[in-house]
Amino acid sequence: MNKREVPIWEKSNLTLEEAALYSGIGINKLRKITEQDNCDFALWNGSKRLIKRRELDKYTSKSFSI
């Protein structure tokens, strides 16, 4: 059976690496932003950090600078 790879732009949650590729924001910068208590696009599963893609899109569309 062939495993189908889901494109990044179709995923609802991304790893830090995927989010960096998708957004053009560096992994370290994403890590720093998602450690803030008021970050709306971070999703924590235990100690694993995921990025909510749609919320990240909203965040970047409203931001002047990151």
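Colleague: What is the handedness of the crossing of H1 and H2?

Modeller: The crossing of H1 and H2 is right-handed. Keep in mind that this is a predicted model.

Colleague: And why are H1 and H2 called roughly perpendicular to each other?

Modeller: Look at the angle: the axes of H1 (residues 16-23) and H2 (residues 27-34) cross at roughly 110°. Angles from 65 to 115 degrees count as roughly perpendicular, so that is the label H1 and H2 get. Their axes also come within 9 Å.

Colleague: Which residues make the contact?

Modeller: From H1 you have Leu16, Glu17, Ala19, Ala20 and Ser23, and from H2 there are Ile27, Leu30 and Arg31. Sort them by type and you get five nonpolar, one polar and two charged.

Colleague: Now the strands. What makes S2 and S3 a pair?

Modeller: Pairing takes at least two bridges. S2 (residues 42-45) and S3 (residues 48-52) are joined by four, so they qualify, and they run antiparallel. Leu43 stands opposite Leu50, and Asn45 stands opposite Lys48. The two strands form a hairpin with two residues between them, and Gly46 in the turn has a positive phi of about 65°.

Colleague: Why do S1 and S2 count as edge strands?

Modeller: The open sheet has three strands in the order S1-S3-S2. S1 (13-14) and S2 each have a single partner strand, so one side of each lacks a neighbour in the sheet. Helix H3 (residues 53-62) packs on the sheet, touching S1 and S3, and its direction makes about 60° with that of S3.

Notes:
Residues are numbered from 1 along each chain as its sequence is written. This is a predicted model: local features need pLDDT of at least 70, side-chain atom pairs count only at pLDDT 80 or more; totals for chains, interfaces and linings use all residues. Side-chain values use heavy atoms; hydrogens and water are left out. Contact means heavy atoms within 4.5 Å. Axes are lines fitted to C-alpha atoms, for helices over the stretch in contact, and angles run from 0 to 180 degrees between N-to-C directions. Angles under 35 degrees count as roughly parallel, over 145 as roughly antiparallel, 65 to 115 as roughly perpendicular and the rest as oblique. A crossing is left-handed if the near helix is turned anticlockwise from the far one by less than a right angle, and right-handed if clockwise. Ala, Val, Leu, Ile, Met, Phe, Trp, Tyr, Cys and Pro count as nonpolar, Asp, Glu, Lys and Arg as charged, and the others, Gly among them, as polar.
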